[in-house]
Amino acid sequence: MTNVRNINLNRLSIFVSVVEAGSLSEAARRTGLAKSVISTHLSRLEAEVGAALLLRNPRHFGLTVAGRQFFEACTAILRQVDEAVTALDRENLDIRGLLRVTTSVDFGATVVTPVLVSLINQFPSLKVDLIASDQIVDLVGEGIDVAIRLGWPRDSSHTAALLGSFAQWLVAPPSWSDRLARVQRPQHLADWPFIELSILRGPRTGLSPAPIRRFSRCGSTTVFRYRRQVRSAQPSWPVAGSRCSRITR
């Protein structure tokens with residue numbers, strides 16, 4: 001008895017193509033395979049199933065009784081495979097289920113939320129759970145699918161992709177306009193009181209053991225130590241505060 005695991009199923013498609021084409025030459029044209037390759041596949045298929053499928057002569061070929069039955073069965077099998085793949089494609093296009101996303105509060109409100117609204121409008125079967133937090137979330141423990149963050153990634157086993165770039169601005173309250181007018185270089189800010197946003201981490205080194213600011217321009221970098229008066233994990237401090245701070249946009 002023939003073991004189906006010993007049959008190269010790709011040859012079923014070649015066999016059906018030959019029968020439907022009516023000749024090896026036409027089958028070769030349709031499939032892009034050489035006639036000798038097709039002939040080899042047919043011979044090996046007959047050996048695998050243990051029956052003669054085709055009656056060949058130099059000009060024509062025909063189906064044996066077994067070949068006719070096998071052709072009808074192969075046609076049905078290939079049609080079912082095609083229907084299964086088509087159904088799978090439709091399933092992939094119809095995104096459904098629960099998507100858990102985490103991001104920072106401000107960025108979530110201004111950027112991520114509009115994108116998620118557009119996504120669920122496009123895929124009504126999709127449900128979204130947005131966790132907005134300025135603290136680092138345990139992705140595995142919290143069952144998070146996607147985390148969108150600003151900054152430099154820590155060493156992690158998670159897969160990361162760059163979505164865009166951001167700039168950091170040094171800001172001060174409007175009431176300090178007279179003092180700002182006297183600032184000519186970064187070092188002039190060394191004695192000013194700063195609010196440090198503790199959730200922001202520097203590249204590679206994490207939070208600096210001492211408050212340090214780096215300014216880069218035209219390939220030149222200036223480094224100075226600043227006076228940290230307030231340290232907060234809430235981004236609303238720089239907006240409402242009366243000190244200098246760094247914000248990300």
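The protein chain has a mean pLDDT of 79, and 75% of its residues reach 70 or more. The model is predicted.

**Overall make-up**

The protein chain holds 7 helices and 11 strands. It has 249 residues, and 27% of them count as buried. Take the contacts in the chain with a separation of 6 or more: residues 24 or more positions apart account for 63% of these.

**Helices α1 and α3**

Two packed helices are described by the angle between their axes and the distance between the axes. Helix α1 spans residues 10-21 and helix α3 spans residues 35-49. Their axes come within 10 Å. The crossing angle is roughly 115 degrees, and the crossing of α1 and α3 is left-handed. The table lists the residues on each side.

| Helix | Residues in the contact |
|---|---|
| α1 | Arg11, Leu12, Ile14, Phe15, Val18 |
| α3 | Ile38, His41, Leu42, Arg44, Leu45, Glu48 |

By class, this contact of α1 with α3 divides into 7 nonpolar residues, 1 polar and 3 charged.

**The largest nonpolar core**

Which residues of the largest nonpolar core touch the most other members? They are Phe15, Val18, Ile38, Leu42, Leu45 and Leu53, out of 18 residues in this core. Four helices, α1, α2 (24-31), α3 and α4 (65-93), each supply at least two residues of the core. Helix α1 gives the most, with 7 residues.

Leaving out residues up to four places away in sequence, leucine 45 touches Ile7, Arg11, Leu12, Phe15, Leu53 and Phe70.

**Leucine 150**

Leucine 150 is found in the loop between β5 (146-148) and β6 (168-171). Why does leucine 150 count as partly exposed? Its relative accessible area is 30%, and partly exposed covers values between the buried limit, under 20%, and the exposed limit, over 50%. The C-alpha atoms of leucine 150 and serine 104 are separated by 8.2 Å, although the two residues are 46 residues apart along the chain.

Definitions and conventions: Residues numbered from 1 in each chain as written. Predicted model: local features only at pLDDT ≥ 70, side-chain atom pairs only at ≥ 80, totals over all residues. Heavy atoms only, no water. Axes fitted to C-alpha atoms, helices over the stretch in contact; angles between N-to-C directions. Left-handed = near helix turned anticlockwise from the far one by under 90°. Contact = heavy atoms within 4.5 Å. Nonpolar A, V, L, I, M, F, W, Y, C, P; charged D, E, K, R; others polar. pLDDT = per-residue confidence, 0-100. Core = buried A, V, L, I, M, F, W, Y, C linked by side-chain atoms within 4.5 Å. Buried < 20%, exposed > 50% of the residue type's maximum accessible area, 1.4 Å probe, protein only.
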